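Here is a quick tour for someone who likes cut-offs spelled out. We'll go from a helix to some rings and then to a ligand shell.

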Amino acid sequence: MKREDLAALTAACAKCGTCRTVCTLYPERKAEIAVARGKVVLVEAAASGLDGDAEALQEALSDCLLCGRCERACPNQVSVEEIVMKGRGALAEELGIPAWKQVVFGKVMPSAGGKTAARAAAAASQKLFLRKVPTESGLHYRFPSAFGLSGRTVPALPGESFLGSLPRGEAVRGEVILFVGCVFDHVFPRVGRAAYETLRLSGKGISVFRDAPCCGLPALVAGDRPSALRCVEENVRRLSDASPERIVFPCGSCLVMFRRNMLSLLPKEHPLYGDAVRVADRCEDYASFLLETGVLSRLPDLPKSERPGRIGYHDPCHLSGTLGKGGEGREVLRRAVGDSFGEMKGADLCCGYGGTFNIRDYPTSAKIGQNKVSVAAEGGTAVIATACSGCIFQMRDMAARTDPSLRVVHIAELVSQAFSTR
Amino acid sequence: MDKQALSALREVFGERLDTSREQCICYSYDATGKMFLPDAVAFPTSADEVRRTILLANERLFPVIPRGAGSGFSGGSVPVQGGLVLSMERMDRILSIDEENLVAVVEPGVVTETLKEEARKRGLFYPPDPASLKFCTIGGNIAECSGGMCAVKYGVTRDYVLGLEAVLGTGELVRTGVVTVKGVVGYDLTRMLVGSEGTLGIVTKAVLKLIPHPETIATILAFFRSNHDGSNAVVGIIGERITPCALELMDRTAIDCVRENAGLPVPAEAGCALLIEVDGPKESVSAEAERVDQACRRYGAIEVGRAADAEGRERLWTLRRSISPALRQVNPVKINEDIVVPRSRLPEMLAFLADLAYRQNIKIVNFGHAGDGNVHVNVMISGTDEDERRRADEAVAEVFRKTVALGGTISGEHGIGIAKAPFLEMEVGPLGVSVMKRLKTCFDPNGILNPGKIFVEEGMARR
Ligand SMILES: Cc1cc2nc3c(=O)[nH]c(=O)nc-3n(C[C@H](O)[C@H](O)[C@H](O)COP(=O)(O)OP(=O)(O)OC[C@H]3O[C@@H](n4cnc5c(N)ncnc54)[C@H](O)[C@@H]3O)c2cc1C
Ligand code: SF4
Ligand code: SF4
């Protein structure tokens, strides 16, 4: 690994060790190589020519949830996530993307056509390989052990995606664009639908992207920077053309890609850089948009809850931590469900998903996730509401493993419910 | 390290021995930022594994370097001569907390804050509170005899270690000290091991003293015009026969770093600040806080703030806490010393430091635990200017000479390690060094344990 830009980033680290206190992974690994300081020094060493085995380094950098807790605790504002992602990118250039990541990301992410194909393939394989798990919702399926992912509960892919379900001509134009994101479009289209319906209550024209490209985050964290860049370019181009007033994200991870990562991925001299800055400026989270437009003030006051505090809010690392939007999600819940909302135990614990991390090391990811949901359940939470697709994906799987009565929902689903029942 | 040594170690540790370049890089540094690669890293989970390791090391003559969290400020856990790093972080169980006898028994890898919290849950108090308490380990604290904010009232790690289990450099497992409050049987081997920086033995278990948790705490922040007023107030408060549980001083250089983002308004003319805490039963705390407040005003405080609840306390502390992180804005490279002078000589020391910075044309930021005369002297340099580096080294040497001349010590809590080894003799004299070296030979005849630390030329040939 060469890279002066990496050396400049790592130089900020004082090697104090503060990041050891907050690392999501450290309690599982109990080794310095898991924490930010270890990774920063590894990248620093590699950038200065002291690297050993590039594959081992790639493994070390892959072993990170990119939860950003270290970065937020760091007294020296070291950009740990950026260092890890750039390191992964540099190694991917050198070695290619690790095999386990190719399975997932191959060439499918950037183009919408490819994504639909991948979806069709995944749905077919689910029919062949998956068997139903006896849970209340009936929504859960489990990979058989032969798949090498034994015990994992994955949602059944519904027949139709959210965007696919919109009639032709609907939501093609409007001053606000809903960026629904892959997961809420294809895997949990009910969330996409709920977000769409509730945004429309603002009275603004809401439009969506047909054939929306991926936000690019999965490719970026996998180290596939060229694919991520293609996603970003297409998104920026299309969003600039559409020139909406606002772009609203039900998923915190897509949002952090647009608000932060996109700008570090595009070189400043890139012809789209200026457009990207303008696009980023207009991106906001679902909860903030609802609060700003006053949608929720139309709800009548709620009667006292029979089970106060049964609904909790989970802080998605990027949405609450990096972007500081933890308060907005809670406020939306407070308005939508009244005192049924209560602060959840361990609200800011990472769910353990970590994007590609979940695929790379499912047992560890599951251990962190199960701990997360059990702490919440023990504290009396029955419904976990949140606003990030990865967290929902992971916590539904974890709830199925530990406590199938625990529900995991997007705040939009509760808002939509509040409007339909009152 | 040779192949036989590694394969024998493999038998002891199995998968928990790692020789990969990546793992070795991760155990090559501590908070000083100095870097030396070990040949291997092992993660013991029992005293017996540590014992077998040291026996092997004596046979095949390789260095063994114990390491806690690597948060040390003197290079203590840096493997300057290669060898095996024994990372104690997986021996992290609290074995017992005896609420009747107020004694905790812990493994060395327990993080300091974890113990403090477990004690707190039982209404008990483990006082040592280094600023690194959220990540540093009890083993590291014992090896460095770490102190903290509350040392002025409660003392340092040494004052809470009743007994130890340790593997000596010979590979023998000893138990020292007592599990009782008193004990005078023979030489005090416990104190010998405390502060020995991993050069005499590897701590595998510690018996620690707990005390009842103080009922409440009050916090006072006072601004003064000058170091002169501030440091006189320190002497004055102590003279009042009040023992605060924190008495932190920030001089003008430190306040300047955080003036803009201290989280609270800082008077424009403030050239020194004191953060003072008193704890104890409710009634006496409010009376003492009042007396501290009065004393500050008497010594010329221009503003005094007080906090009674946790939130207000946090706000006052942000000033102190934001200094360390903000130092990088002064200059990227920090040379961090922690000298101590007798409390009454503090005004003189601070005046000397201001003059020194001026004479050497160099940036020095001073703050610290003034209540016990401990000043963190941070010489901030660019790291790219040769001449500045030379002036900084000269300045540090001058600081040490002045410290010793004032009857102080060159390290209050960070230890000697490699960073201060050249100055050891300046303080303890040739005879002191010689006695220490003779003691070292008793504990570790083959120089296995943490070679190259404390003493300048000490060490063993690498195989
Ligand atoms: C931000 C920051 C703030 C700090 N604030 C303070 C402060 O307020 N007061 C203070 O005193 N220090 C402070 N320190 C310094 C440091 O945290 C302490 O010296 C701490 O005790 C080191 O603990 P550690 O577990 O990190 O040990 P390490 O750094 O890993 O090791 C320190 C020494 O202990 C030895 N050692 C470790 N474990 C064992 C064992 N089981 N048996 C024998 N030897 C062992 C090592 O060989 C080494 O010589 C601070 C450091 C940082 C980074
Ligand atoms: S907290 Fe920040 S500066 Fe400290 S070791 Fe971790 S990354 Fe480096
Ligand atoms: S991003 Fe999360 S998992 Fe990765 S090093 Fe930082 S705290 Fe640990």
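In helix 15 of chain B, the buried residues are Leu424(B), Gly429(B), Val433(B), Lys440(B) and Phe443(B); buried here means under 20% relative accessible area, exposed over 50% and partly exposed in between, with a 1.4 Å probe and protein chains only. This is a predicted model, where local features need pLDDT of at least 70 and side-chain atom pairs count only at pLDDT 80 or more, while totals for chains, interfaces and linings use all residues. Residues are numbered from 1 along each chain as its sequence is written, chains are lettered from A and ligands numbered from 1 in the order in which they are written, and side-chain values use heavy atoms, leaving out hydrogens and water.

Helices (H or I, at least four residues) and strands (E, at least two) are DSSP runs, numbered from the N terminus. Where does helix 15 of chain B bend? At Pro430(B), by about 85 degrees, taken as the angle between axes fitted to the seven residues ending there and the seven starting there.

Now the rings. Over all chains there are 11 aromatic pairs, counted when ring centres of Phe, Tyr or Trp (its six-membered ring) lie within 6.5 Å; planes under 30 degrees apart are stacked, over 60 edge-to-face, and the rest tilted. Two of them look like this:

| Pair | Centres | Planes | Type |
|---|---|---|---|
| Phe179(A) and Phe249(A) | 5.1 Å | 25 degrees | stacked |
| Phe125(B) and Tyr154(B) | 5.2 Å | 90 degrees | edge-to-face |

Phe179(A), in the loop between strand 4 and helix 10 of chain A, sits 70 residues from Phe249(A) in strand 6. In chain B, Phe125(B) belongs to strand 7 and Tyr154(B) to helix 6, 29 residues apart. Phe125(B) is buried at 13% relative accessibility, and Tyr154(B) is buried at 15%.

Arg396(A) lies over the face of Phe188(A), 4.5 Å from the ring centre (the test: NZ of Lys or CZ of Arg within 6 Å of the centre and within 35 degrees of the ring normal). Likewise, Arg90(B) lies over Phe43(B) at 3.9 Å.

Finally, the residues around ligand 3 include Cys23(A), Cys64(A), Cys67(A), Cys70(A) and Lys39(A), each with a heavy atom within 4 Å of the ligand. The shell divides into 8 nonpolar, 2 polar and 1 charged, with Ala, Val, Leu, Ile, Met, Phe, Trp, Tyr, Cys and Pro counted as nonpolar, Asp, Glu, Lys and Arg as charged, and the others, Gly among them, as polar.
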